Amino acid sequence: MTVVCMFPGQGSQRVGMGAGLFPRFPELVARADAILGYSLADLCLRDADGLLDRTDHTQPALFAVSALAWLARLEDGAAAPSMVMGHSLGEFTALFAAGVFDFETGLRLVRERGRLMNEAKGGTMLAVIGLTTDRIRAVLARHGLSGIDVANLNTAEQTVLAGLKGELDQAAAVFQDEGAIPIPVPVSAPFHSRHMIPTAEAFASFAEGFDFADPALPVISNVTARPYPLRGAAAVLRRQLVSQITGSVRWVESVQYALARGARTFEEVGPGDVLAKLVVKIQAAPLPEDAGSDPEPEAAPAAPPPPSGLDARKLGSAAFREAHGTRLAYAAGGMYKAIAGPRMVIALGRAGLLGFLGTGGVDPGQVRRDIEEIRAALGHGHPWGVNLLSRPDRPAAEMEMVDLLLEARVPTVEAAAFLQVTPPLVRLRYAGARRLPDGGVALATRVVAKVSRPEVAAQFMAPAPEEVIDQLVRREQLTEEEAWCARRAPIAHDICVEADSGGHTDQRSLVTALPAIMRLRDRVMAERAWAEPIRVGAAGGIGTPEAAAAAFMLGADFVVTGSVNQCTVEAATSGAVKDILVSLDIHDTAYAPAGDMFELGAKVQVAAKGLFFPARANKLFELYRRLDGLDDMDARTREQLESRFFGRGLDEVWRQTADHYARDEPDTLAEAERNPKLKMALVFKRYFLDTTRLALDGAMDQKVNFQIHTGPAMGAFNAWVKGTDLEDWRNRKVAEIGLRLMNGAASLITGRFTEWMG
């Protein structure tokens with residue numbers, strides 16, 4: 001093998017290209033004009049409208065000129081190459097040269113590719129000169145720049161990165177400090193990166209309408225750095241041309257393969273000499289031992305190498321770990337009634353893990369004291385956060401809690417049960433925000449949003465609603481600068497997809513909800529180009545290493561556990577509850593009405609083994625739906641409620657309930673006095689308050705009425721640790737559980753990849 005023909009990609013275009021080619025092939029030029037809808041010669045030779053550098057015009061122009069140059073080379077009798085290759089767009093010209101498709105088909109393909117890529121926005125590219133690609137990856141990981149992808153591997157020390165502009169600007173400064181030369185690439189989108197997924201999906205649909213022939217000579221693929229198969233290539237071609245839009249251009253490896261297979265002359269066919277200069281630099285370096293290895297027979301895209309002893313610290317998003325200052329992409333969610341209390345949050349923080357203080361059903365004064373205890377123990381060097389529950393029934397109480405969190409300078413807040421963005425949540429997010437000199441935004445409070453529906457996730461990925469911002473400014477709860485910031489940063493950079501779980505649940509499946517919301521995130525990032533990437537994590541059912549590994553394999557940036565932490569020595573619930581939890585299997589849970597959203601019929605998942613609470617709670621909701629008030633209840637049912645459910649008369653229950661509402665919500669009490677159905681609902685909701693207190697206190701004489709929020713993850717965890725030191729809950733420590741789950745997940749992934757890869 002002596003000659004390899006190379007075809008240039010975007011960046012090699014120049015006014016005047018094709019000047020000697022258009023007169024030689026007038027028929028093809030006329031066909032190109034008909035397909036493009038404008039004069040190819042005018043664009044390339046004069047570019048009066050300045051469109052030649054616009055992607056949707058650049059790509060078809062470069063393809064056409066390079067294809068004509070190839071045809072001219074054939075007419076001129078030049079030596080036939082033994083192999084062809086192209087850089088990004090140039091690969092289409094290489095495939096044309098190999099007879100995979102004709103001129104018109106190639107032009108239609110690249111016209112659509114250029115159009116779709118021109119529409120992609122929200123990012124750019126950065127060339128880094130002077131560092132190896134491995135060194136570049138290490139620097140990115142060390143600085144938590146996980147939203148940046150390696151786009152082009154051009155030479156051993158020239159790599160092009162792609163990502164969002166804000167993160168690339170940060171990377172440029174970092175690489176300059178490392179002694180490299182960062183050079184911004186003037187493009188409108190982050191080509192060859194994950195941010196182009198929507199573009200790739202659209203191009204895949206378009207490419208389905210074309211037939212591909214087997215190549216007449218070897219064509220090296222950008223995706224694999226190995227030749228396409230010479231037989232039965234159509235499916236592989238279609239797949240890899242789509243993958244090329246999001247994958248790296250492995251130019252160094254491609255040239256090295258050709259060199260190892262005997263290439264001596266590399267001829268650039270088309271405008272410019274960019275590729276020829278890259279080849280000179282690649283030739284100067286020694287060849288890797290496997291440079292000339294042949295592809296697998298089916299020439300499928302190269303699989304990722306199996307991890308060797310995968311470190312749990314590599315699971316998930318480095319940006320998550322950097323943002324929250326954690327060892328692992330792992331968090332423990334807040335649990336109501338401060339079951340996730342200061343002791344738990346402190347233990348997690350000291351281990352370098354993120355834990356959230358539970359505030360649901362807790363007096364604000366106690367929340368304040370709990371935060372003070374956590375801050376005193378952890379200071380500023382450890383991760384921690386506080387849970388915030390949506391209160392659609394009491395927005396004033398929600399705002400009161402937000403004011404407390406802001407006053408206490410809580411660094412991270414877990415926003416749970418929000419179905420829409422509320423004014424208190426917007427105030428929490430943007431209070432203290434400030435404009436940076438470069439036009440960016442610095443935020444004082446991080447938000448981790450727990451969601452189960454894409455439409456809710458979309459609200460958190462967007463900036464605050466304009467009407468809410470205006471309302472808060474009018475009330476002087478946001479300054480003008482904070483309002484400016486609220487229009488330029490999302491409500492949350494961390495979205496936790498909560499699948500079927502203990503406590504409040506929509507009973508979603510993680511394998512359907514997580515990918516859907518991840519795709520939504522990718523679209524949002526492509527459209528809005530947030531400086532900091534939005535991360536999507538997983539919660540619900542994470543109770544074993546297998547579950548955590550599955551979440552990470554689905555693409556989760558982090559995982560959040562819940563139920564398993566309730567059965568630890570640090571959990572602020574009774575030993576009686578922990579004795580029940582430790583006995584559960586995966587089928588020992590049931591769904592019951594949620595006491596705080598009783599009238600709406602919202603559900604919580606609770607322990608059912610040996611407990612009557614689920615059945616009794618559902619009975620109360622059935623009565624609420626059927627009756628208009630307590631007076632409509634028959635005597636037998638009333639006696640049953642008084643003796644078995646409440647342990648006292650309903651009149652006494654109402655007096656206790658009325659006393660509470662008279663102190664805290666007099667308007668609600670007045671409405672209940674007029675509305676028998678509301679009065680009945682308030683009485684029934686007292687049962688949920690009582691059953692929670694009984695469980696927390698460990699009142700064994702009322703054990704059958706314990707309300708214990710938990711999901712099947714608890715049973716799965718019990719099965720996993722059976723026969724180990726963690727079988728007894730008295731040996732279960734919350735930080736140790738997190739570490740074992742993550743290390744176990746890393747080990748499982750290692751084993752699976754080793755098995756799959758043989």
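Is Arg 194 buried, partly exposed or exposed, and what is its relative accessibility? Arg 194 counts as partly exposed, because its relative accessibility is 34%, a value that lies between the 20% under which a residue is buried and the 50% over which it is exposed. This residue belongs to a predicted model, in which the mean pLDDT of the chain is 91 and 97% of the residues reach 70 or more. The points below begin with the chain as a whole and then turn to particular residues, pairs and elements.

**The chain as a whole**

- The chain contains 29 helices and 21 strands, and its C-alpha trace spans about 105 × 60 × 50 Å along the principal axes.
- The chain has 758 residues, of which 56% count as buried.

- The structure holds 44 salt bridges, and a few of them are described here one by one.
- Asp 149 and Arg 194 meet through their side chains in a salt bridge, with a distance of 2.4 Å from N to O.
- This pair links distant parts of the chain, 45 residues apart, for Asp 149 is in strand 4 (residues 149–155) while Arg 194 is in the loop between strand 6 (181–185) and helix 8 (197–207).
- The two partners fall into separate classes of accessibility: Asp 149 is buried, because its relative accessible area is 16%, which is under 20%, whereas Arg 194 is partly exposed at 34%.
- A salt bridge also joins the side chains of Lys 450 and Glu 498, at 3.6 Å from N to O.
- Here too the pair links distant parts of the chain, with Lys 450 in strand 15 (residues 446–451) and Glu 498 in strand 16 (residues 494–498), 48 residues apart.
- Lys 450 has a relative accessible area of 13%, and therefore it is buried.

- Arg 674 forms a salt bridge with Glu 671, and the closest N and O atoms of the two are 2.8 Å apart.
- Both residues lie in helix 26 (residues 666–674), where they are three residues apart, or about one turn of the helix.
- An α-helix has 3.6 residues a turn, so residues three or four places apart point the same way.
- Arg 674 is exposed, because its relative accessible area is 60%, while Glu 671 is partly exposed at 31%.
- Elsewhere, a network of salt bridges links four residues, namely Arg 446, Asp 494, Glu 532 and Arg 535.

**Two residues in loops**

- Thr 359 is placed in the loop between strand 10 (354–357) and helix 14 (364–378), and it counts as buried because its relative accessibility is 6%.
- Leaving aside residues up to four places away in sequence, Thr 359 touches Val 367, Val 386, Asn 387, Leu 388 and Met 401.
- Gly 16 lies in the loop between strand 1 (3–7) and helix 1 (26–36), and with a relative accessible area of 25% it is partly exposed.
- Gly 16 touches Cys 44 and Leu 45, again not counting residues up to four places away in sequence.
- The C-alpha atoms of Gly 16 and Ala 225 are separated by 32 Å, and these two residues are 209 residues apart along the chain.

**A mostly covered helix**

- Helix 16 (residues 423–430) is mostly covered, with seven of its eight residues buried.
- The buried residues in helix 16 are Pro 424, Leu 425, Val 426, Arg 427, Leu 428, Arg 429 and Tyr 430.
- After helix 16 comes Gly 432, whose phi is positive, near 85°.

**An enclosed space**

- Rolling a probe the size of a water molecule over the atoms shows where empty space is left.
- A search of the whole structure finds one cavity of 30 Å³ or more, and the largest cavity has about 30 Å³ of space.
- The residues that line the largest cavity include Tyr 336, Ile 339, Gln 566, Thr 573 and His 709.
- The lining of the largest cavity is made up of six nonpolar residues, four polar residues and no charged residues.

Note on methods. Residues are numbered from 1 along each chain as its sequence is written. This is a predicted model: local features need pLDDT of at least 70, side-chain atom pairs count only at pLDDT 80 or more; totals for chains, interfaces and linings use all residues. Side-chain values use heavy atoms; hydrogens and water are left out. Helices (H or I, at least four residues) and strands (E, at least two) are DSSP runs, numbered from the N terminus. Buried means under 20% relative accessible area, exposed over 50%, partly exposed in between (1.4 Å probe, protein chains only). Contact means heavy atoms within 4.5 Å. On a 1 Å grid over the protein atoms alone, a cavity is a set of points where a 1.4 Å probe fits but cannot get out, and a pocket is an open set with protein on both sides within 12 Å along at least five of seven lines; lining residues have an atom within 4 Å of a point. Grid points are joined across faces, edges and corners, and a volume is the space filled by probe spheres set on the points. Ala, Val, Leu, Ile, Met, Phe, Trp, Tyr, Cys and Pro count as nonpolar, Asp, Glu, Lys and Arg as charged, and the others, Gly among them, as polar. pLDDT is the predictor's confidence in each residue, from 0 to 100.
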